[in-house]
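Dear colleague,

Please find below the structure that I am handing over to you. My notes on it follow directly after.

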Amino acid sequence: MTSEFIHRFVPAKGQGAPSLLLLHGTGGDENDLLQLGAMVSPNSALLSPRGRVIENGMPRFFRRLAEGVFDEDDVRGRALELADFVEAERRRYGIGRPIALGYSNGANVAAALMLLRPDTLAGAALLRAMVPLSEPPRPDLSGVRVLVASGMADPIVPPSNSTRLAAMLRATGANVSHETLPVGHQLSRADLDLAREWLRTVDAREPVAER
Ligand code: MLT
(Lines give C-alpha, C1' and ligand atoms only; values in the text may rest on other atoms or scores of the structure.)
Protein backbone atom coordinates (compact mmCIF):
# COMPACT_ATOMS: atom_id res chain seq x y z
CA MET A 1 0.00 0.00 0.00
CA THR A 2 1.22 3.50 -0.71
CA SER A 3 1.79 5.81 2.21
CA GLU A 4 1.05 9.04 0.35
CA PHE A 5 -1.54 11.33 1.83
CA ILE A 6 -2.56 14.80 0.72
CA HIS A 7 -1.29 16.85 3.61
CA ARG A 8 -0.12 20.20 4.94
CA PHE A 9 3.15 20.67 6.74
CA VAL A 10 3.95 23.73 8.83
CA PRO A 11 7.58 23.95 10.00
CA ALA A 12 8.38 24.53 13.67
CA LYS A 13 8.47 28.18 14.71
CA GLY A 14 10.80 27.60 17.64
CA GLN A 15 12.89 24.93 19.27
CA GLY A 16 11.99 22.30 21.82
CA ALA A 17 8.28 21.87 21.10
CA PRO A 18 7.16 18.40 19.97
CA SER A 19 5.83 17.98 16.44
CA LEU A 20 2.10 17.49 16.19
CA LEU A 21 0.29 15.04 13.92
CA LEU A 22 -3.12 16.59 13.30
CA LEU A 23 -5.93 14.17 12.47
CA HIS A 24 -9.28 15.63 11.47
CA GLY A 25 -12.80 14.28 12.02
CA THR A 26 -15.20 12.90 9.39
CA GLY A 27 -15.78 15.45 6.64
CA GLY A 28 -12.71 17.46 7.57
CA ASP A 29 -9.46 17.84 5.71
CA GLU A 30 -5.80 18.71 6.14
CA ASN A 31 -6.63 22.36 6.88
CA ASP A 32 -9.13 21.74 9.66
CA LEU A 33 -6.92 21.43 12.72
CA LEU A 34 -4.03 23.70 11.71
CA GLN A 35 -5.38 26.57 13.75
CA LEU A 36 -6.10 24.39 16.76
CA GLY A 37 -2.60 22.88 16.53
CA ALA A 38 -0.99 26.31 16.38
CA MET A 39 -3.01 27.45 19.39
CA VAL A 40 -2.25 24.32 21.40
CA SER A 41 1.49 24.53 20.70
CA PRO A 42 2.61 27.66 18.81
CA ASN A 43 6.21 26.50 18.23
CA SER A 44 5.46 22.99 17.02
CA ALA A 45 5.90 21.64 13.51
CA LEU A 46 2.47 20.54 12.26
CA LEU A 47 1.90 17.54 10.00
CA SER A 48 -1.69 17.30 8.88
CA PRO A 49 -2.85 14.56 6.46
CA ARG A 50 -6.26 14.20 4.84
CA GLY A 51 -8.01 10.88 5.43
CA ARG A 52 -8.11 8.73 2.28
CA VAL A 53 -11.47 7.04 2.77
CA ILE A 54 -14.40 8.93 1.28
CA GLU A 55 -17.86 8.40 2.81
CA ASN A 56 -20.58 10.28 0.95
CA GLY A 57 -17.99 12.80 -0.19
CA MET A 58 -16.51 13.16 3.30
CA PRO A 59 -12.88 12.27 4.00
CA ARG A 60 -12.20 9.86 6.87
CA PHE A 61 -9.27 7.77 8.05
CA PHE A 62 -10.99 4.36 7.85
CA ARG A 63 -14.24 2.76 6.74
CA ARG A 64 -17.19 2.24 9.00
CA LEU A 65 -20.23 0.04 8.60
CA ALA A 66 -22.51 2.37 10.58
CA GLU A 67 -22.13 5.19 13.10
CA GLY A 68 -19.70 3.84 15.69
CA VAL A 69 -19.42 0.42 13.97
CA PHE A 70 -16.04 0.10 12.33
CA ASP A 71 -14.69 -2.07 9.53
CA GLU A 72 -11.85 -3.32 11.70
CA ASP A 73 -9.81 -4.85 8.88
CA ASP A 74 -9.85 -1.45 7.27
CA VAL A 75 -8.97 0.23 10.59
CA ARG A 76 -5.88 -1.99 10.85
CA GLY A 77 -4.74 -1.46 7.25
CA ARG A 78 -5.34 2.29 7.27
CA ALA A 79 -3.67 2.83 10.64
CA LEU A 80 -0.55 1.09 9.34
CA GLU A 81 -0.64 3.18 6.14
CA LEU A 82 -0.79 6.28 8.32
CA ALA A 83 2.16 5.02 10.37
CA ASP A 84 4.17 4.54 7.15
CA PHE A 85 3.23 8.05 6.08
CA VAL A 86 4.35 9.54 9.41
CA GLU A 87 7.67 7.71 9.23
CA ALA A 88 8.31 8.84 5.63
CA GLU A 89 7.37 12.46 6.34
CA ARG A 90 9.52 12.55 9.48
CA ARG A 91 12.51 11.69 7.31
CA ARG A 92 11.46 14.16 4.60
CA TYR A 93 10.88 17.09 6.94
CA GLY A 94 13.42 16.14 9.61
CA ILE A 95 10.97 16.21 12.50
CA GLY A 96 10.85 14.19 15.73
CA ARG A 97 8.33 11.56 16.68
CA PRO A 98 5.04 13.47 16.79
CA ILE A 99 2.30 13.72 19.35
CA ALA A 100 -1.07 13.12 17.70
CA LEU A 101 -3.82 15.67 18.18
CA GLY A 102 -6.87 13.91 16.81
CA TYR A 103 -10.56 14.71 16.78
CA SER A 104 -13.34 12.13 16.47
CA ASN A 105 -12.48 9.83 13.55
CA GLY A 106 -8.94 11.26 13.65
CA ALA A 107 -8.68 10.46 17.36
CA ASN A 108 -9.92 6.94 16.68
CA VAL A 109 -7.28 6.28 14.04
CA ALA A 110 -4.62 7.74 16.37
CA ALA A 111 -5.67 5.28 19.08
CA ALA A 112 -5.49 2.40 16.57
CA LEU A 113 -2.09 3.59 15.38
CA MET A 114 -0.72 3.61 18.94
CA LEU A 115 -1.95 0.07 19.52
CA LEU A 116 -0.77 -1.32 16.18
CA ARG A 117 2.52 0.55 15.63
CA PRO A 118 3.53 1.69 19.12
CA ASP A 119 6.79 3.36 18.05
CA THR A 120 5.17 5.89 15.73
CA LEU A 121 3.82 8.43 18.19
CA ALA A 122 5.37 10.10 21.21
CA GLY A 123 1.93 10.58 22.75
CA ALA A 124 -1.62 11.50 21.80
CA ALA A 125 -4.40 13.91 22.66
CA LEU A 126 -7.57 12.07 21.69
CA LEU A 127 -10.58 14.40 21.51
CA ARG A 128 -13.94 12.51 21.48
CA ALA A 129 -12.26 9.18 20.80
CA MET A 130 -13.79 5.74 21.03
CA VAL A 131 -12.48 2.17 21.08
CA PRO A 132 -11.18 1.52 17.54
CA LEU A 133 -10.61 -2.25 17.75
CA SER A 134 -12.64 -4.87 19.61
CA GLU A 135 -9.65 -7.19 20.07
CA PRO A 136 -6.66 -4.89 20.23
CA PRO A 137 -3.09 -6.02 20.60
CA ARG A 138 -1.43 -5.05 23.86
CA PRO A 139 1.82 -3.33 22.94
CA ASP A 140 4.19 -1.83 25.48
CA LEU A 141 3.33 1.86 25.68
CA SER A 142 4.96 2.33 29.09
CA GLY A 143 5.16 5.96 30.03
CA VAL A 144 3.61 7.24 26.79
CA ARG A 145 1.30 10.12 27.67
CA VAL A 146 -2.25 10.09 26.39
CA LEU A 147 -5.10 12.53 26.94
CA VAL A 148 -8.64 11.26 26.34
CA ALA A 149 -11.07 14.19 26.28
CA SER A 150 -14.70 13.11 26.28
CA GLY A 151 -17.93 15.10 26.09
CA MET A 152 -20.45 14.55 28.88
CA ALA A 153 -23.31 15.00 26.41
CA ASP A 154 -21.67 13.34 23.39
CA PRO A 155 -24.41 11.58 21.36
CA ILE A 156 -21.80 9.60 19.38
CA VAL A 157 -19.42 8.34 22.07
CA PRO A 158 -21.12 6.87 25.16
CA PRO A 159 -19.17 7.43 28.42
CA SER A 160 -18.73 3.66 28.81
CA ASN A 161 -16.90 3.55 25.48
CA SER A 162 -14.37 6.29 26.22
CA THR A 163 -13.81 4.80 29.68
CA ARG A 164 -13.10 1.45 28.02
CA LEU A 165 -10.64 3.14 25.66
CA ALA A 166 -8.82 4.79 28.57
CA ALA A 167 -8.62 1.42 30.37
CA MET A 168 -7.40 -0.30 27.19
CA LEU A 169 -4.59 2.22 26.83
CA ARG A 170 -3.72 2.08 30.54
CA ALA A 171 -3.36 -1.69 30.23
CA THR A 172 -0.46 -1.08 27.81
CA GLY A 173 1.37 0.99 30.44
CA ALA A 174 0.45 4.34 28.85
CA ASN A 175 0.05 7.27 31.23
CA VAL A 176 -3.57 8.18 30.47
CA SER A 177 -5.46 11.28 31.63
CA HIS A 178 -9.17 10.89 30.96
CA GLU A 179 -11.12 14.13 31.24
CA THR A 180 -14.84 14.57 30.68
CA LEU A 181 -15.92 18.04 29.59
CA PRO A 182 -19.45 19.48 29.91
CA VAL A 183 -19.92 19.48 26.11
CA GLY A 184 -21.16 17.28 23.26
CA HIS A 185 -19.25 15.83 20.30
CA GLN A 186 -18.16 19.19 18.88
CA LEU A 187 -14.84 20.68 19.82
CA SER A 188 -14.99 23.51 22.29
CA ARG A 189 -12.79 26.15 23.86
CA ALA A 190 -12.42 23.77 26.80
CA ASP A 191 -10.70 21.24 24.52
CA LEU A 192 -8.18 23.82 23.43
CA ASP A 193 -7.40 24.81 27.02
CA LEU A 194 -7.23 21.20 28.16
CA ALA A 195 -4.98 20.07 25.29
CA ARG A 196 -2.69 23.05 25.78
CA GLU A 197 -2.32 22.41 29.51
CA TRP A 198 -1.84 18.70 28.99
CA LEU A 199 0.86 19.28 26.39
CA ARG A 200 2.61 21.66 28.73
CA THR A 201 2.80 18.94 31.41
CA VAL A 202 4.00 16.42 28.82
CA ASP A 203 6.76 18.83 27.84
CA ALA A 204 7.74 19.60 31.38
CA ARG A 205 7.73 16.06 32.70
CA GLU A 206 8.97 14.20 29.74
CA PRO A 207 10.78 15.97 26.94
CA VAL A 208 9.80 14.04 23.86
CA ALA A 209 12.47 11.41 23.57
CA GLU A 210 13.36 9.29 20.60
CA ARG A 211 12.41 5.78 21.52
C1 MLT B 1 -15.92 7.31 13.65
O2 MLT B 1 -16.57 6.90 12.70
O3 MLT B 1 -14.69 7.29 13.70
C4 MLT B 1 -16.70 7.83 14.79
O5 MLT B 1 -18.00 7.38 14.73
C6 MLT B 1 -16.66 9.29 14.88
C7 MLT B 1 -17.13 9.96 13.62
O8 MLT B 1 -16.34 10.07 12.71
O9 MLT B 1 -18.28 10.38 13.55
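Asp 74 touches Val 53, Phe 62 and Arg 63, leaving out residues up to four places away in sequence; contact here means heavy atoms within 4.5 Å. The model is a predicted one, in which local features need pLDDT of at least 70 and side-chain atom pairs count only at pLDDT 80 or more, while totals for chains, interfaces and linings use all residues. Residues are numbered from 1 along each chain as its sequence is written, and side-chain values use heavy atoms, with hydrogens and water left out.

Asp 74 belongs to helix α2 (residues 72–93); helices (H or I, at least four residues) and strands (E, at least two) are DSSP runs, numbered from the N terminus. With a relative accessible area of 9%, Asp 74 is buried, where buried means under 20% relative accessible area, exposed over 50% and partly exposed in between (1.4 Å probe, protein chains only). A polar atom of the Asp 74 side chain lies 2.6 Å from the backbone nitrogen of Arg 63.

The sheet

An open sheet is formed by 7 strands in the order β1-β3-β2-β8-β9-β10-β11, with mixed pairing; two strands pair if DSSP finds at least two bridges between them. β1 (7–10) and β11 (175–181) stand at the edges with a single partner strand each, so one side of each has no neighbour in the sheet. On average, neighbouring strands of this sheet are turned by 15° against each other, direction ignored.

Strands β2 (residues 20–23) and β8 (residues 99–103) pair in the parallel sense over 4 bridges, and Leu 22 has Leu 101 of β8 as its bridge partner. β8 and β9 also run parallel, joined by 5 bridges, with Leu 101 opposite Ala 125 in β9. In β9, 5 of its 5 residues are buried. Gly 123, Ala 125 and Leu 127 point one way from β9, whereas Ala 124 and Leu 126 point the other way. In a regular strand the side chains alternate between the two faces of the sheet.

Helix α4 (residues 159–170) lies across β9, β10 and β11 and runs at about 170° to β11; axes are lines fitted to C-alpha atoms, for helices over the stretch in contact, and angles run from 0 to 180 degrees between N-to-C directions.

The nonpolar cores

The largest nonpolar core has 42 residues, and those with the most contacts inside it are Leu 23, Leu 126, Val 146 and Leu 169. A nonpolar core is a set of buried Ala, Val, Leu, Ile, Met, Phe, Trp, Tyr and Cys residues joined through side-chain atoms within 4.5 Å. Two or more residues of this core come from each of β2, α2, α3 (105–116), β9, β10 and α4, and α3 gives the largest share, 8 residues.

Leaving aside neighbours within four places in sequence, Leu 23 is in contact with residues including Leu 33, Phe 61, Leu 82, Leu 101, Ala 107 and Ala 110. Apart from this core lies another, of 24 residues, among them Leu 20, Tyr 103, Leu 181 and Val 202.

Of the 12 residues of α3, 11 are buried, so the helix is largely enclosed by the rest of the structure. The buried residues of α3 include Gly 106, Val 109, Leu 113 and Met 114.

Ala 195 is found in helix α5 (residues 189–205) and counts as buried at 2% relative accessibility. Its contacts, leaving aside neighbours within four places in sequence, are Val 40, Leu 101 and Leu 147. The C-alpha atoms of Ala 195 and Ala 125 are separated by 6.7 Å, although these residues are 70 apart along the chain.

Loop residues

Two residues other than glycine have a positive phi. Asn 56, with phi near 50°, lies in the loop between β4 (53–55) and β5 (58–60) and counts as exposed at 75% relative accessibility. Arg 128, with phi of about 60°, lies in the loop between β9 (123–127) and β10 (145–151), yet counts as buried at 1% relative accessibility.

Gly 68 sits in the loop between β6 (64–66) and β7 (69–70) and is partly exposed, with a relative accessible area of 29%. Its C-alpha atom is separated by 20 Å from that of Pro 137, 69 residues apart along the chain.

With kind regards

Key:
A polar contact is a pair of N or O atoms within 3.5 Å; within protein, one must be able to donate a hydrogen and the other to accept it, and residues adjacent in sequence count only if both atoms are side-chain atoms.
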